[in-house]
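Thanks for coming. I will show one structure and go through a few of its parts.

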Amino acid sequence: MHRSYDEILKEHKLSLTSVRLSVLRAVEKHAHADVNAIYAYVTKEISTASKQAIYNNLHTLVEHGIVREINPTGSAALYEFECHDNHHHLICRSCEQIVDVDCKENRPCLSPESNHGFVIDEAEVTFWGLCPNCQNTTKGNQDE
Ligand SMILES: [Zn+2]
Ligand SMILES: [Zn+2]
Ligand SMILES: [Zn+2]
């Protein structure tokens with residue numbers, strides 16, 4: 001059980017607007033959704049919501065560490081709830097499905113060879129490859 005959206009927003013002194021709450025529901029329902037998917041969800045609830053309002057809300061939520069933004073190379077930014085677990089992502093090159101994957105125990109990627117005096121709290125690691133389904137499809141095509 002996590003805290004209610006109201007509590008989270010109050011804690012960050014953010015106003016409880018209907019669009020903001022809807023954006024949070026969208027992010028919760030569709031982990032790793034891009035802005036278009038979030039926009040589609042929100043406008044189902046609030047038909048007057050503008051895309052700019054969605055962008056602004058996402059920006060604020062990311063700034064406050066409530067939502068995490070993932071930026072896979074060559075793909076649109078994706079959003080999910082920030083759970084501060086430094087988890088990473090596996091992305092299939094073919095069907096683009098995304099799977100959460102835990103960082104190794106003791107989080108080795110947060111301890112690079114040299115931190116240049118930085119205090120590091122997150123490593124954005126994306127693993128690219130082919131998911132089991134797409135591996136089978138590829139093999140199937142080769143057999144023909
Ligand atoms: Zn795939
Ligand atoms: Zn994730
Ligand atoms: Zn890691």
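Is Cys95 buried, partly exposed or exposed? Cys95 counts as partly exposed, because its relative accessibility is 42%. Here buried means under 20% relative accessible area, exposed over 50%, and partly exposed in between, with a 1.4 Å probe and protein chains only.

Before going on, a word on conventions. This is a predicted model, in which local features need pLDDT of at least 70 and side-chain atom pairs count only at pLDDT 80 or more, while totals for chains, interfaces and linings use all residues. Residues are numbered from 1 along each chain as its sequence is written, chains are lettered from A and ligands numbered from 1 in the order in which they are written, and side-chain values use heavy atoms, leaving out hydrogens and water.

Cys95 belongs to a metal site. The zinc ion (ligand 1) is coordinated at 2.3 Å by Cys92 (SG), Cys95 (SG), Cys131 (SG) and Cys134 (SG). Donors are N, O and S atoms within 2.8 Å of the metal (3.2 Å for Na, K and Ca); water is not among the atoms, so sites may look incomplete. The four donor atoms subtend angles of 105 to 112°, so the arrangement is tetrahedral; for four donors that requires all angles between 85 and 135 degrees. Cys131 is buried, at 7% relative accessible area.

Which residues hold the zinc ion (ligand 2)? Its protein donors are His32 (NE2), Glu80 (OE), His87 (NE2), His89 (NE2) and Asp100 (OD), lying 2.0 to 2.2 Å from it. His32 lies in the loop between helix 2 (18–29) and strand 1, and Glu80 in strand 3, so this pair ties together parts 48 residues apart in sequence. Helices (H or I, at least four residues) and strands (E, at least two) are DSSP runs, numbered from the N terminus. His32 is buried, with a relative accessible area of 13%, and Glu80 is buried at 4%.

Strand 3 brings us to the sheet. Three strands form an open antiparallel sheet in the order 1-3-2; two strands pair if DSSP finds at least two bridges between them. Four bridges join strand 2 to strand 3 (residues 78–81), and Ile70 stands opposite Leu78 in strand 3.

Last, helix 4. In helix 4, Ile54, Asn57, Leu58, Thr60 and Leu61 are buried. Seen down the axis, the buried residues fall within an arc of 165°, so they line one face of the helix; the arc is that of the directions from the helix axis to the C-beta atoms. The face turned away from the buried side carries the exposed residues His59 and Glu63.

Note on methods. Four donors count as tetrahedral if all angles lie between 85 and 135 degrees; four count as square planar and six as octahedral if opposite donors are over 155 degrees apart and all others between 65 and 115; anything else is irregular.
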